[in-house]
Amino acid sequence: MSRQVLAIDIRHQSIAAVLLSAGLKSTSIVACHRVPIDTAEENEKALASALATLTQQFSMTTPDVVVGLPADQAIYRNLQVPFKEEKKIRQVLPFELEPNLPVPVDRLVIDYIATDDTGVGTLLTAAIDRQHVDDTIEALGTVGLRPQLIVPGDFPLASTILSFGDQVPDQAFFLSLDTDTATLFLLDRKKITLARSMVANHIMGSGPDNLASKIRQTLIAYAEGAADGFHPDILYIGGPASADPSVVERLAAAMEMQLQPVDLQHMTSIVDTDAVTGQWSAPLMDGALALAMVEIERLPCPVFHRTGSTLRNYWTAYRQYVRVPAILLAVVLLLGLSGVLIENHLLQKQADSLDRQIEEIFKETFPQSRRVGDAADQMRSELKKQRTGSIDVAEDVPQVNTIDILMQLSRSIPKEIDVLFTRLVLGGDGLTLSGETTAFNVVDEIKNGLEQNGMFQAVTIASANMEKSGSKVRFILKLTL
């Protein structure tokens with residue numbers, strides 16, 4: 001699974017673009033092209049026309065677009081602030097830069113990178129006219145492209161040299177040569193600490209000598225302000241104009257030092273495809289390749305425009321690969337959830353069936369009792385009652401068998417008395433006997449008969465009431481064992 005990154009290096013006279021396929025394990029160059037810009041047209045129309053010609057050369061699907069603007073359009077300044085918190089730095093940047101800018105600060109887009117790791121904020125700031133950014137976004141929109149990042153040109157190339165150069169010394173500098181401009185980046189202790197763009201004619205007359213003089217002046221001024229001075233060991237050189245060997249030779253002679261051409265493809269071990277073979281030229285394409293590396297590797301670089309979040313950008317790039325697995329995953333989860341719901345329904349149905357069976361068995365076994373709570377506990381309690389022979393047994397029951405009490409009741413009451421006992425309750429205070437008979441005097445006879453029985457110590461009539469019909473007397477007797 002990989003995503004496509006389209007890097008567009010815009011310069012005053014040409015546009016170079018590289019299309020990369022960035023995967024988890026490797027990154028490869030899919031295609032590269034370079035087209036000229038018609039300087040006779042208006043800037044906006046010329047850029048849109050060149051972009052239309054360029055995009056026709058690529059076969060791509062929703063790539064992440066990274067754009068580099070001409071290096072000399074950026075204004076670089078070095079600042080030092082007494083704090084390192086990003087929020088505070090961004091609040092004071094416009095005020096700190098305003099006295100040193102050639103244009104009103106409200107027209108500019110400003111960003112920065114830190115140039116050291118000390119307790120104060122030592123910054124390299126980059127600013128650009130907002131109109132340049134807006135014009136570029138509008139021109140890209142005419143060809144259906146939406147940039148994720150817009151950054152200053154050549155800066156990504158210097159950042160990539162620091163990140164991927166195997167033997168970059170602590171003090172070095174990088175010079176990017178364009179047709180009539182040059183941009184210098186000082187590399188001090190693995191940081192880009194200074195950037196300057198200057199007018200330069202690399203071919204005519206004393207152009208290399210004049211450029212070498214400007215570079216020396218910049219190095220001397222920087223060294224005076226640096227704590228340990230600045231004595232670069234190597235000059236890296238790149239940019240479209242460095243494709244001409246004579247320019248490199250004349251500049252090396254003027255600088256009186258060995259120049260090392262930059263070949264970013266070999267530095268980063270990025271593999272090119274068969275489609276690129278024969279078209280690749282490091283001086284012409286390294287700027288665009290470095291732009292892609294800023295997006296892929298998240299290298300430090302000032303940003304003039306950023307669209308959306310990182311997560312959204314990744315989703316846009318990878319959604320065509322994620323869609324089918326996501327659908328399959330959703331189907332699997334849906335089937336799994338359906339299986340759980342069906343199994344739960346079947347188990348609930350089985351539990352309800354078992355509960356009905358328990359209810360039926362309980363009713364058959366104890367027809368006079370109502371099931372309350374756990375059936376097993378209630379059945380154990382009922383069985384315990386049957387084994388002890390107790391009737392509505394309360395606490396502290398005397399150790400007397402119920403069958404004996406019933407026998408004594410039967411013997412103590414004459415056979416000719418018409419009586420119906422409705423309830424017997426055996427408790428700690430004796431026996432409570434409820435029943436009904438024909439008259440109040442019969443209740444007295446029952447009481448007298450029970451008192452004569454040797455089992456009961458005392459018999460008391462707790463209540464005796466005539467029913468409304470007048471045919472029965474309901475009574476309650478208290479018997480002490």
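Reply: Begin with burial. A residue counts as buried when its relative accessible area is under 20%, as exposed when the value is over 50%, and as partly exposed in between. Keep in mind that this is a predicted model.

Me: Is Val443 buried or exposed?

Reply: Val443 has a relative accessible area of 2%, so Val443 is buried. Val443 sits in helix H12, which covers residues 440–451.

Me: Which residues is Val443 in contact with, leaving aside its neighbours within four places in sequence?

Reply: A contact here means heavy atoms within 4.5 Å. With those neighbours left out, Val443 touches Thr437, Ile461, Val473, Phe475 and Leu477. Take Val473 from that list. Val443 and Val473 are 30 residues apart in sequence, while their C-alpha atoms are 8.3 Å apart in space.

Me: How do I read the chain as a whole?

Reply: Start with the elements and the totals. The protein chain has 12 helices and 19 strands. Of its 481 residues, 44% are buried. The accessible surface of the chain is about 26000 Å², and carbon and sulfur atoms account for 52% of that. For contacts with a separation of 6 or more, 63% are between residues 24 or more positions apart.

Me: What is a nonpolar core, and which residues touch the most other members of the largest one here?

Reply: The general idea is a set of buried nonpolar residues joined through their side-chain atoms. In this structure the largest such core has 76 residues, and those touching the most other members are Ile8, Ile15, Phe185, Ile192, Tyr236 and Trp280. Helix H8, residues 282–297, gives this core its largest share, 10 residues. A separate core has 26 residues, including Leu194, Ala200, Ile215 and Val247.

Me: What is Trp280 in contact with, apart from neighbours within four places in sequence?

Reply: Trp280 is in contact with Val18, Ile29, Cys32, Gln265, Met285, Asp286 and Leu289. Cys32, in that list, is the buried cysteine mentioned above.

Me: How many salt bridges are there, and how do I read one?

Reply: The structure holds 14 salt bridges. To read one, look at the distance between nitrogen and oxygen, then at where the two partners lie. Asp64 and Arg3 form a salt bridge in which the closest N and O atoms are 2.4 Å apart. Asp64 belongs to strand E4 (residues 64–69) and Arg3 to strand E1 (residues 2–10), so the pair ties together parts that are 61 residues apart in sequence.

Me: Which parts of the chain does the salt bridge between Asp178 and Arg11 tie together?

Reply: The N to O distance in this bridge is 3.3 Å. Asp178 is in the loop between strand E9 (171–177) and strand E10 (181–188), and Arg11 is in the loop between E1 and strand E2 (14–23), so the bridge ties together parts 167 residues apart in sequence. Asp178 counts as buried at 11% relative accessibility, and Arg11 is buried at 8%.

Me: And what of Arg474 and Glu436?

Reply: Their side chains meet in a salt bridge with an N to O distance of 3.1 Å. Arg474 is in strand E19 (residues 473–480) and Glu436 in strand E17 (residues 430–437), 38 residues apart, so here again distant parts of the chain are linked. Arg474 counts as partly exposed at 44% relative accessibility, whereas Glu436 counts as buried at 10%.

Me: Which residues form a nonpolar patch on the surface?

Reply: Ile327, Val331 and Leu335 form one, and together they have about 290 Å² of accessible area. Ile327 lies in helix H9, residues 310–365. At 49% relative accessibility, Ile327 counts as partly exposed, because the exposed class begins over 50%.

How values were computed
Residues are numbered from 1 along each chain as its sequence is written. This is a predicted model: local features need pLDDT of at least 70, side-chain atom pairs count only at pLDDT 80 or more; totals for chains, interfaces and linings use all residues. Side-chain values use heavy atoms; hydrogens and water are left out. Helices (H or I, at least four residues) and strands (E, at least two) are DSSP runs, numbered from the N terminus. Buried means under 20% relative accessible area, exposed over 50%, partly exposed in between (1.4 Å probe, protein chains only). Accessible areas come from the Shrake-Rupley method with a 1.4 Å probe; for residues, only the protein chains shown count as cover. A nonpolar core is a set of buried Ala, Val, Leu, Ile, Met, Phe, Trp, Tyr and Cys residues joined through side-chain atoms within 4.5 Å. A salt bridge is a side-chain nitrogen of Lys or Arg within 4 Å of a carboxyl oxygen of Asp or Glu. Patches are made of residues with over 30% relative accessible area and no salt bridge: like charges are joined within 9 Å, nonpolar side chains (Val, Leu, Ile, Met, Phe, Trp, Tyr) within 5 Å.
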